[in-house]
Amino acid sequence: LAETRNNDTDVHIQRIQHYTRALALSLRANPAYTDRLPDIVLDLLFKTCPLHDIGKVGVADGILFKPGQLLPEEFEEMKQHTVLGGQALTGVERHLAAPEAFVSMAHDIALYHHERWDGSGYPLGIEGESIPLSARIVSLADTYDALTSSRVYRQAYSPAEARDIITRERDRQFEPALVDAFLACEEQLL
């Protein structure tokens with residue numbers, strides 16, 4: 001479903017998977033995260049992160065495929081993809097006989113991947129550790145890919161420019177430990 005909504009989505013999804021794995025492995029080197037990121041969680045992250053934008057199936061084509069920057073009201077509708085994705089995966093969870101880690105993590109990623117460490121994100125404006133770790137990791141992977149990929153309204157930033165932007169967002173958009181993990185694995189991301 002995600003791949004039908006954007007010509008670049010399949011390549012984007014593959015990059016996100018590998019960026020997410022590299023970031024999680026790098027973060028796991030931090031003693032505060034070693035126990036939180038065992039191999040089974042890394043495998044789940046790799047498998048579930050492609051669903052981060054699944055809610056875009058509910059965004060109007062005129063907004064999703066607009067060849068330029070969105071107007072404020074269009075951006076408000078685009079932001080609803082997080083809620084739509086979360087709702088879709090909550091619906092799946094309701095039909096399961098028992099909780100399923102894959103669906104639960106996919107839900108968290110879809111709903112929360114645009115939240116910000118400082119609480120200024122969307123859709124709920126939650127902050128810090130309240131944001132699921134899976135969503136925090138995918139958020140940085142998604143941002144890095146967005147920055148280093150061309151868009152209809154701008155050229156791709158160089159990896160150095162992307163690094164500078166991400167570093168400036170330390171403790172605002174991104175958790176400081178995750179920015180450190182990004183810097184430690186940047187060569188692998190390249």
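**Exercise 1. Which residues in helix 5 are buried?**

The model is predicted, local features need pLDDT of at least 70, side-chain atom pairs count only at pLDDT 80 or more, and totals for chains, interfaces and linings use all residues. Residues are numbered from 1 along each chain as its sequence is written, and side-chain values use heavy atoms, with hydrogens and water left out.

Step 1. Helices (H or I, at least four residues) and strands (E, at least two) are DSSP runs, numbered from the N terminus. Buried means under 20% relative accessible area, exposed over 50%, and partly exposed in between (1.4 Å probe, protein chains only).

Step 2. Read off the residues. Val103, Met105, Ala106, His107, Ile109, Ala110, Leu111 and Tyr112 are buried in helix 5.

Step 3. Find the cover. Helix 2, helix 4 (72-94) and helix 6 (133-147) are among what covers these buried residues.

**Exercise 2. Describe how helix 2 packs on helix 5.**

Step 1. Take the angle and the distance. Helix 2 (residues 39-48) and helix 5 (residues 101-112) pack at an angle of about 60°, and their axes are 9 Å apart. Axes are lines fitted to C-alpha atoms, for helices over the stretch in contact, and angles run from 0 to 180 degrees between N-to-C directions.

Step 2. Classify the angle. Helix 2 is therefore oblique to helix 5. Angles under 35 degrees count as roughly parallel, over 145 as roughly antiparallel, 65 to 115 as roughly perpendicular and the rest as oblique.

Step 3. The crossing of helix 2 and helix 5 is right-handed. A crossing is left-handed if the near helix is turned anticlockwise from the far one by less than a right angle, and right-handed if clockwise.

Step 4. List the residues in contact (heavy atoms within 4.5 Å). Helix 2 brings Val41, Leu44, Leu45, Lys47 and Thr48, which meet Ala101, Phe102, Met105, Ala106 and Ile109 of helix 5.

Step 5. Sort them by class. This contact of helix 2 with helix 5 has eight nonpolar residues, one polar and one charged. Ala, Val, Leu, Ile, Met, Phe, Trp, Tyr, Cys and Pro count as nonpolar, Asp, Glu, Lys and Arg as charged, and the others, Gly among them, as polar.

**Exercise 3. Describe how helix 7 packs on helix 6 and on helix 8.**

Step 1. Start with helix 6. Helix 6 and helix 7 pack at about 140°, with axes 9 Å apart, and are therefore oblique to each other. Their crossing is right-handed.

Step 2. Name the residues. Leu140, Tyr144 and Leu147 in helix 6 meet Pro159, Ala162, Ile165 and Ile166 in helix 7. By class, this contact has seven nonpolar, no polar and no charged residues.

Step 3. Turn to helix 8. Helix 7 (residues 159-168) and helix 8 (residues 176-189) pack at about 160°, with axes 10 Å apart, and are therefore roughly antiparallel. The crossing of helix 7 and helix 8 is left-handed.

Step 4. Name the residues. Pro159, Arg163, Ile166 and Thr167 of helix 7 make the contact with Val179, Phe182, Leu183 and Glu186 of helix 8. The contact of helix 7 with helix 8 counts five nonpolar, one polar and two charged residues.

**Exercise 4. Is glutamate 169 buried or exposed, and which residues is it in contact with?**

Step 1. Locate it. Glutamate 169 is in the loop between helix 7 and helix 8.

Step 2. Apply the cut-off. Its relative accessibility is 16%, so glutamate 169 counts as buried.

Step 3. Leave aside neighbours within four places in sequence. Glutamate 169 is then in contact with Arg116 and Phe174.

Step 4. Look at another residue of that loop. Aspartate 171 also lies between helix 7 and helix 8, and is partly exposed at 46% relative accessible area.

**Exercise 5. Where do the backbone angles need a remark?**

Step 1. Recall the background. Most residues other than glycine have a negative phi, and most peptide bonds are trans.

Step 2. Check phi. Aspartate 171 is not a glycine, yet its phi is positive, about 70°.

Step 3. Check omega. Tyrosine 122 and proline 123 are joined by a cis peptide bond with omega about 15°. Proline 123 lies in the loop between helix 5 and helix 6.
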